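Visitor: Hey, I'm new to this one. Can you walk me through it?
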Amino acid sequence: MNKKTVNTEVAVLGGGPGGIAAAVAAARQGAKVLIVERMGFLGGNLATGLPLLAYLDSQGRQVTGGFAQELVDRLIKMGGCYGHRACPFHNSTTIINPSYARILCFELVKENNIALLLHSEVTGAKVVDGKMQSVTVVGKGAEYEIIANVFIDATGDGDVAYLAGAGFEKGQEGTGVLQPPTLMFDLGGVNFDKFFDYIEEHPEELPYGSNLTHIRPGYDAKFFRESPNHVFFGLKALIAKLRAQGKCPIERDTVIYIRQPFSDHVTINTIRILNFDGSNIQDLSRGEMEAHLQILPIVKMLRENVPGFEDCYLSSINPFIGVRESRRVIGRKTLRKDDVLNGVIPDDTIALGSYIIDIHSGDGNDTYIRNLDGPYGIPYDCTLSADIDGLMLSGRCISVDAVTFGSTRVMPTCMAVGEGVGIGAALAVKEGISPYDVSVDTIRKILLKNGAILSV
């Protein structure tokens, strides 16, 4: 195998929302940055059709700014986003064109002179005396040893931390059950007016009256009609009827779609693969196959039973299965549910979160959701591995408990955290110190100067 060595100052492993935010933030502070990404594009779930959720809290206050807001502003200018819209269910929804998001990520990399290694998988990590020294990545028959001052695990699954021997947790407390993945796919040919008429005539298809008691008034056909910037969650009565008739092909009790910012298209976020671990390649292999085989039965179900979907057609399938939950790396601090539920914003906060606690059952068909009255703070130490110096965390693998993870896993929060992590990494390089010793006050001052929101 062809072996090479690459030297950089900040190595970001993973180019999804948490990775791209961390890389850009570090580069803007003067650090030499490299992103390693296993796919042939950047953006991760930004490039899938998923919405950006909860830039606003349940009271309509914006709680995510900085880089995450810059990304939205630039997408709006490109014609790939409608901006934020308050939502009685999700706090707020921000629909983006996933193709434009991919292009924008490359623009950001080029503008900030960030080096790239795409089509590369992390295969090893070297730790000496408790400090990260290098990672090994492999792609196309070549092996690269990447030597850096600071490493940021933005793989989503905590792969780098795992390979380095860092402690981690997985699954719900007491059961270890992980939230299930989904494979999203796009449908064209949807007649929205006809579908909204059906919802208006059948309010039992909306989630009111279910165990989802957090939903505020106004999540109805009128809400959906007024803007293409919405996410639909419902059809529970229909799914229950079809399941009783043996005609339901999915292991869940609702249908979710995201209306796309073009034409008559939606992205379906409904597939579930139960008893699944996204950090296990056998489960990933099984999940990819089972998920693909659910698509046509779901399309058939919608065509035959849902007004407005009679003429829908499959237009695209996501390039990878979407893993909701896997490893959560143990940090110097762990953000726990009591602080989230009580809206605690500590002095060392580098990002706010405000999304509902949203836990999809990994061994059943239901979804647990709990509202938050306001935002909570995510401390800097939740992004620092407790075990390994020089290893930072960004995105969904930061140090939180299983319930808190149901809120922190959404993309705006991952980007907000990533910006703080990138700044911390760059300061560590600039000052020749460990990320453990970086001044959080200095990180916060830079974040506020960048337009981040750290209090309400």
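Visitor: What sits over the ring of Phe-223?
Guide: That's the charged end of Arg-85, 3.8 Å from the ring centre. Keep in mind that this is a predicted model.

Visitor: And which residue lies over the face of Tyr-162?
Guide: Arg-327 does, at 4.1 Å from the centre of the ring.

Visitor: OK, switching to rings with rings. How many aromatic pairs are there?
Guide: The structure has 17 of them. One is Phe-195 with Phe-232, an edge-to-face pair with 5.1 Å between centres and 80 degrees between the planes.

Visitor: Where in the chain do Phe-195 and Phe-232 lie?
Guide: Phe-195 is in helix α5 (residues 192–201) and Phe-232 is in strand β14 (residues 231–234), so their pairing ties together parts 37 residues apart in sequence.

Visitor: Are those two buried or exposed?
Guide: Both Phe-195 and Phe-232 are buried.

Visitor: What about Tyr-257 and Phe-309, how are their rings arranged?
Guide: They make a tilted pair, 6.4 Å centre to centre with 50 degrees between the planes. This pair links distant parts of the chain, 52 residues apart: Tyr-257 sits in strand β15 (residues 255–259), while Phe-309 is in the loop between α8 (281–305) and β17 (313–317).

Visitor: Why does Tyr-257 count as buried?
Guide: Because its relative accessibility is 1%, and buried means under 20%. Phe-309 counts as buried too, at 2%.

Visitor: Last one: which cluster is Phe-223 part of?
Guide: An aromatic cluster whose members include Phe-223, Phe-195, Phe-232, Tyr-257 and Phe-309. Phe-89 and Tyr-219 are also among them.

Note on methods
Residues numbered from 1 in each chain as written. Predicted model: local features only at pLDDT ≥ 70, side-chain atom pairs only at ≥ 80, totals over all residues. Heavy atoms only, no water. Phe/Tyr/Trp six-rings, centres within 6.5 Å; stacked < 30°, edge-to-face > 60°. Helix = DSSP H or I, 4+ residues; strand = E, 2+ residues; numbered from the N terminus. Buried < 20%, exposed > 50% of the residue type's maximum accessible area, 1.4 Å probe, protein only. Lys NZ or Arg CZ within 6 Å of the ring centre and 35° of its normal.
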